[in-house]
Amino acid sequence: MRKLAYFVTCLAGGMFIACTAENQPNDTAHERRNILWFDATANFKRFSEKDSITFYLEKSKAIGISDVVVDVKPITGEVLYPSKLAPQMIQWEGEYESGTKDTTWDMLSFFIEEGHRLGLAVHASTNVFVAGHNFFDRGVVYTDEDKQHWQTISYLPEGMTPITEQKKKYSAMLNPALPEVQDYELSIIKELVASYPQLDGIILDRVRYDGIEADFSDASRDLFEAYLGRPVENFPAAIFSYDSGEGKDRIEGPLYKNWLEWRAKVIHDFIYRAREEVKQINPDISFGDYTGSWYPLYYDVGVNFASREYDPSIDFEWATPEYKQFGYAEALDLFTTGNYYVEVEKKETEALADQAVRHTESGLQVGAESWYTVEGSAELVNEVTKGKVPVYAGLYVEQYKGDPEQFVKAIKMCRSKSQGVMVFDIVHVINFGWWDYLEEGLK
């Protein structure tokens, strides 16, 4: 079996993992889609105007887009529609666009109306376990005193640190294991689905932990002990500790793998609960999820998006035999993945030699692995999901800035290796003027 070597800067020693990833999706079993994402804050001003929404939906339809994803709950925990549960985002000053929203009309309703007029499927995206933007000190965990204790507590070399104090991280993530967090976030999802019965789908985002350092609060310890059925001595060192040298490398404790297993169960159980309660409201709505595509590293955020039929303990040292029980591919109607790599074909990794590459959403490092490409990651996701859910490989447009030909090649690779493509985000297509390139990739 081909071995994939990767290393983690904050773990002592190297690990070797292996997997096969050659299974292709069954095109006859799932609907093919070309999906375009509309980020909430990056397009805040642009989509506060009806004529702008109509213009870009018509343009999207004309070049071959079949589905649009409208982000209606960004990382601040605010929402872009009238809600009785979450604060509505009326004004935004930040990345890309600033503006104030006219609340005399409903943006999401208009998206659905215009999208359906054009024959587009309209999905709403909601960021789940996050409620603040650390770059602007804005969001629910900053303004609601009753929810400030929901923020995740990270176990860093310098000690236990709330996420709002980590200003290099923009997302103020929550602790997914807290029952009150799950109840609150699910109530928002249910309100959204109930309020928009014509919505074609909902796609959950950030249903995960912040990283391997999260969450080490007293509440998480108590819940982990309940899962084990016994007290945990020497916490958090029983999970991992930091070396006595520079204090940055992690040393696994005796319960490290059990901890990873429990975190995966937390996310798995929430996904299944969310699906059940959403389907009770609207049985016909598509229940979707977004994650990164880098499965060999995704234990880092407590997520096992694989099928229950896939056993990661055979291929990866970090997985226990029980870890496979918490795969949730079978719970999804639609699965979009971030195949966010500049290299498109597996053979392009040869040019990287022994360079280490840090992923934009992970504190882990990997070498020049074939799965660290658009092609290789799409194959790997197909392998671990076992055809249980339609997969739409996704691209981060900004990564190809200045290289439109590579962008076109990446789109075509996503469409050949999955049920279609998910393009993130329309703001970059607009700013780069890449509509013609996007259309070329979709042909």
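This is a short talk on one predicted model of a protein chain, going from the whole chain to single residues.

First, the ground rules. In this predicted model, local features need pLDDT of at least 70 and side-chain atom pairs count only at pLDDT 80 or more, while totals for chains, interfaces and linings use all residues. Residues are numbered from 1 along each chain as its sequence is written, and side-chain values use heavy atoms, with hydrogens and water left out.

Now the chain as a whole. Its average pLDDT, the predictor's confidence in each residue from 0 to 100, is 91, and 89% of the residues score at least 70. Residues 1–28 stay under 50. For that stretch the model has 86 contacts beyond four places in sequence, a contact being heavy atoms within 4.5 Å.

The chain has ten helices and 20 strands. These are DSSP runs numbered from the N terminus, with helices being H or I of at least four residues and strands being E of at least two. Of the 443 residues, 61% are buried. Buried means under 20% relative accessible area, exposed means over 50%, and partly exposed is in between, with a 1.4 Å probe and protein chains only. Taking contacts between residues at least 6 apart in sequence, 75% join residues at least 24 apart.

Next, helix H4, residues 179–195. Its 17 residues should span 24 Å at 1.5 Å a residue, and the end C-alpha atoms are 24 Å apart, so the two agree. The expected span is 1.5 Å times one less than the number of residues. Buried residues in H4 include Tyr 184, Leu 186, Ile 188 and Glu 191. What covers the buried residues of H4 includes strand E4 (67–73), helix H2 (107–118) and helix H6 (256–281).

Tyr 56 is in helix H1, residues 50–63. Tyr 56 counts as buried because its relative accessible area is 14%. Leaving out residues up to four places away in sequence, Tyr 56 touches Arg 46, Phe 47, Ile 426, Ile 430 and Trp 435. Tyr 56 and Ile 430 are 374 residues apart in sequence, yet 9.3 Å apart in space, C-alpha to C-alpha.

On to the second largest pocket, with a volume of about 800 Å³. Of its 33 lining residues, the closest to the centre are Asp 39, Tyr 170, Arg 206, Tyr 396 and Phe 424. Which element gives the largest share of the lining? That is strand E15 (286–292), with three residues.

Arg 206 is in the loop between E12 and H5. Its phi is near 55 degrees, a positive value in a residue other than glycine. Is Arg 206 buried or exposed? Arg 206 is buried, because its relative accessible area is 12%. The loop between E12 and H5 also holds Asp 215, and the peptide bond from Ala 214 to Asp 215 is cis, with omega near -5 degrees.

Last, the loop between H5 and E13, where Asn 234 lies. Asn 234 has a positive phi of about 60 degrees and is not a glycine. Asn 234 counts as exposed, at 58% relative accessibility. Pro 236 is in the loop between H5 and E13 too, and a cis peptide bond joins Phe 235 and Pro 236, with omega about 10 degrees.

Conventions. On a 1 Å grid over the protein atoms alone, a cavity is a set of points where a 1.4 Å probe fits but cannot get out, and a pocket is an open set with protein on both sides within 12 Å along at least five of seven lines; lining residues have an atom within 4 Å of a point. Grid points are joined across faces, edges and corners, and a volume is the space filled by probe spheres set on the points.
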